[in-house]
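Colleague: I am new to this one. Can we go through it together, one question at a time?

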Amino acid sequence: MTSSAALPLQRPAALPEPRLAGDLAIWFIVGIEMLTFGLMFIVFSVARLREPALFQAGQATLDLHLGAANTALLLTGSWAAVRGVLALRRDRMQAGVRWLWGAAALGVCFLVAKSLEYRAKMAAGHDLDSDTFWTLYYLLTGFHFLHVAAAVLFLAGVAWLAPRRGWAGGGDRTHVPETAAVFWHMVDLLWVVLFPLVYVLR
Amino acid sequence: MNDDKLRRRIDRLWWAMLAATALSWWIGEARAGAAPAWAIFAVFGLAFGKGLAIALEFMELRGAPAVWRRFVLGWLMVVLPIIVATHLAMR
């Protein structure tokens, strides 16, 4: 292989080198999760196409206000994580850690709201095996719920460890907080598609 | 981009995404029964916009190696049109 030596791939000096936020490993996880959720979204859409009356009845019982409030919680949590990473990069440890705790707290609010929604649905007699709609509803939102829970633990762990490990300042010192933030943003990104699919268009 | 500019940009995007969510909520609330085509395009168009903002700005894919940016944007450009197509087919 001599081609790489023959082709100098130098970028113009004005353009910064491409940089991937966070660890490469988290990006492979993000890739796998997005493919899995993408498939589940398509399965939900096709099942809805095949049984329109069933899905219409199921979706009509969902609370759009709660879905919208949950969207706002996740978007705000994602924003807080960005502000946290930016603060840590500027070596503002206290502010950065506060933002990350804030992001984790918003995630907890989402989990509480979603748990209440599950409880209400269960109480109304809608179980995992009630019909196709409820099976897919619980699988899709439940799988997402678990990802929110994992992201909350990740963010809280990073917020707790950051001052102890000195994860603030320039260069690679914010690598771990960035990695947690990338996972959290992915959870947000998935919900941004899930919200209109399950809650808005019914 | 300096720090202050970047923070202002992130804050503006956050507000824009909250506004987009409010608009989706309004579209969902304002009508009952089968969604008209405009509502389907509007709601998933807003989702696409939010997805772009999260991917390019929050996940910092704008300045990332092209392969990752293409993967995430490509995912949005494949998954959302398929969902829209199934919704349109139901009408």
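Colleague: How many residues does the contact take from chain B and from chain A?

Modeller: This is a predicted model, where local features need pLDDT of at least 70, side-chain atom pairs count only at pLDDT 80 or more, and totals for chains, interfaces and linings use all residues. Residues are numbered from 1 along each chain as its sequence is written, chains are lettered from A and ligands numbered from 1 in written order, and side-chain values use heavy atoms, without hydrogens and water. Contact means heavy atoms within 4.5 Å. The contact takes 45 residues from chain B and 49 residues from chain A.

Colleague: What area do chain B and chain A bury between them?

Modeller: Buried area is the accessible area (1.4 Å probe) that two parts lose on being put together, summed over both. Carbon and sulfur atoms carry 77% of it here. On the chain B side, B:M59, B:W68 and B:W75 lose the most area to chain A, together 17% of what that side buries. The total for the two chains is about 4,300 Å².

Colleague: Which residue of chain B forms a salt bridge with A:R83?

Modeller: A salt bridge is a side-chain nitrogen of Lys or Arg within 4 Å of a carboxyl oxygen of Asp or Glu. The rule finds three across this interface. For A:R83, the closest N and O atoms are 2.8 Å apart. The partner is B:D11.

Colleague: Are α2(A) and α6(A) roughly parallel or antiparallel to each other?

Modeller: Helices are DSSP runs (H or I, at least four residues), numbered from the N terminus. The axes, lines fitted to C-alpha atoms over the stretch in contact, have angles from 0 to 180 degrees between N-to-C directions. Those of α2 (residues 24-50) and α6 (residues 132-165) of chain A come within 10 Å and cross at roughly 160°. Angles over 145 degrees count as roughly antiparallel and those under 35 as roughly parallel, so α2(A) and α6(A) are roughly antiparallel.

Colleague: How does α2(A) lie relative to α7(A)?

Modeller: The axes of α2(A) and α7 (residues 175-200) of chain A also come within 10 Å. They cross at roughly 10°. That makes the two helices roughly parallel.

Colleague: In which loop is A:D91 found?

Modeller: A:D91 has phi near 70°, a positive value in a residue other than glycine. Its place is the chain A loop between α4 (64-89) and α5 (93-123).

Technical notes:
Parallel < 35°, antiparallel > 145°, perpendicular 65-115°, else oblique.
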